[in-house]
Amino acid sequence: MSPRLMWLPDVLHGAGLKVSLVPGWETRGQDSLGRILGVICHYTATPDASRNMPTLDLLLKGRPDLPGPLCQLGLGRDGTYYIVASGRANHAGRGEWNGITTGNTNFIGIEAENSGRANDPWPAVQLDAYHRGVAAILREVGRTAASCCAHREYALPSGRKSDVNFAMDEFRQRVATILGGGAPPVLIPAAETGGRSRPTLRRGDTGQFVTELQQRLGMPDSQAVFGPKTEAAVRAFQRQRNIVPDGIVGPKTWAELDVMRAV
Amino acid sequence: MFGSRILEVAIGIVFIFLLVSLICSAIREGIESWLKTRAAFLEHGIRELLHDRHAVGIARSVYTHPLIYGLYAADYEPRSSTQPLSALSRGGNLPSYIPSRNFALALMDIAARGTGTHGAANGPTAPQLSLQLARENVLNLENGAVQRVLLGAIDTAQGDMEQAIANIAAWYDSSMDRVSGAYKRATQKLLLGIGLTIAVVLNVNIIAIAHHLFRDDVERATLVAHAESVARDSSFIGGTSQAQYTRARAALDSLRLPIGWDQVRLTPPWDTRLVRDASGSVHPVRELRLWGYVFEPLVGWLLAALAAMLGAPFWFDLLNKVMVVRSTVKPHEKSPEESSDDRQTSSDRQTPNDRALVATPPAQPRPSHPAEAVVEPAPDPDAEVDACDVEADAATKLTEDEELPAARGGVA
């Protein structure tokens, strides 16, 4: 049996989460992973709320003093899981949880994009994705909510780490609820209900609605293809309107676009 | 650390033996509380002691004497003396314990005032209980051997009633040691049977488990950590038998060992080999895998059953002893050197271990054969380094939204 975590995308996708494969994830990270016994929750501490996952590049490549990957999963501010690596990652450092001291070998590391500061509250969509992602992983490896911990709980000597800054007992309780089958995920509808029933658009889509979207966003020489630039423009628009900046144009974003035109 | 690996496997096996024997003794206690075998052994022992094998004379008198009669419910119905006594004999309503003083007083009373509970013997006119009276009426017992014992006890007491009672009680106690010895032997036989059943039903093949532990560093470390926490807590082998059983089962289930039948893959019990015969044609030959398929599980189960026979307290003591040995062999693991410096900010203070890891190129080429890539997960070589919570400085390239890979999911 391969120790690589090739099941990660399907398991997270199956939990109703947005999943993004970072090219090369299949072979990133060494093969020396052991059996997965839990999840360690981190935050990136990057103080930049204007981008969705600004630390992604660092997580892939590591730092001068520490080779990447620095985690298996990155969690964007919009609740998207970026699959960084399927092998071993340097995320844990020295510590202990449930008697296990081999964090990098036996724990999956999730780095969520957050500065960890008081002026950077966790977006509800990201926190919800955090709960669901951890629950899906623990279910897959046959563990309970007690097997996930914050990096600050794992790290030794205690007090060495401050991430993550939310209450872990509450977090684990929420994970346990999801593991118990409570709280099914809320998905974005595939199209508007009523009105023009415009379809939900995301990267990779084409057609007249994409053209319409690009015109509304004021993008020149539109190609009727929903590419990375369009997505970034949608995210910027969503951030400005205080809705989830996930680059997916669903009913709420369409409504906001309508408001913009009416003004 | 080859030596400590073997020691850790030993700890794991002792721990599993402890769990198995806990389960078995809990089951044995369950059977005991249903059959009351201890009472049957006690009753049998008293019959032997009183030379009354068929419970028609003095043994019956003792059991129906008010001092003993109050210790059990319903009437005295002795087992048929033709039934052999075994670990599964029924004790019925009889008491499983008789205090030696009660027994001695009852015997003395029967000797002095007879067996009958009617008439003058119970009234205010009854003669006062004294050694003299007991000695004069010793024929009441109608049992030569017991009369002899009683006369001896009375005579050596030299007129002291308490001393005479104590003499009889001592005689009773010495015989009870024999009874509990017999009961223990019968119990061990039964435990072997229970152990074997449990070993087969739960598939506790200790050889396979030892193999697994030897190869799987993670599982071994988890198991040793578990065993360590249990060894410190002597209440683990205490409590009611039901609590013991649930505790041991929960511990076994949490251990992810090759225990149970659901992980067993059924393969044909033979290896097929191609053999070229004298004429040059090739035909398959089946070779029965006797050891791997038949003997190994049999021996593995039998070992687990034998371990159950020795009982949980034995394994608990042994576990503690092995733990002590381990702590003397591996002092480093008990108290890792603490360092106060912050390892994330400076790389020049890293231990040699860290340096070795840092020197590894980040993108190591994957071995071409996946089979070679199966590395035993060693204890974290890079346990000192970690990643997050470090603010990106100006030199760090931030990932723009445009550069993010496309996502799927999240839409109905």
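The model is predicted, so local features need pLDDT of at least 70 and side-chain atom pairs count only at pLDDT 80 or more, while totals for chains, interfaces and linings use all residues. Residues are numbered from 1 along each chain as its sequence is written, chains are lettered from A in the order in which they are written, and side-chain values use heavy atoms, without hydrogens and water.

**Helix α7(B) against α8(B)**

- Helix α7 (residues 144-157) of chain B packs on helix α8 (residues 161-201) of chain B at about 140°, with the axes 8 Å apart (axes are lines fitted to C-alpha atoms over the stretch in contact, and angles run from 0 to 180 degrees between N-to-C directions; helices are DSSP runs of H or I, at least four residues).
- Contact (heavy atoms within 4.5 Å) joins residues including Val149(B) and Leu150(B) in α7(B) to residues including Ile168(B) and Trp171(B) in α8(B).

**Helix α5(B) against α8(B)**

- Helix α5 (residues 100-113) of chain B meets α8(B) at about 115°, with their axes 8 Å apart.
- Among the α5(B) residues in this contact are Phe103(B) and Met108(B), and Ile168(B) and Trp171(B) are among those of α8(B).

**A cavity**

- The second largest cavity has a volume of about 40 Å³ (on a 1 Å grid over the protein atoms alone, a cavity is a set of points where a 1.4 Å probe fits but cannot get out, and lining residues have an atom within 4 Å of a point; a volume is the space filled by probe spheres set on the points).
- Its lining includes Lys18(A), Asp78(A), Arg202(A) and Ala407(B).
- That lining divides into two nonpolar, one polar and seven charged residues (Ala, Val, Leu, Ile, Met, Phe, Trp, Tyr, Cys and Pro count as nonpolar, Asp, Glu, Lys and Arg as charged, and the others as polar).

Definitions and conventions. Helix = DSSP H or I, 4+ residues; strand = E, 2+ residues; numbered from the N terminus. 1 Å grid on protein atoms, 1.4 Å probe; cavity = no way out; pocket = protein on both sides within 12 Å on 5 of 7 lines; lining within 4 Å.
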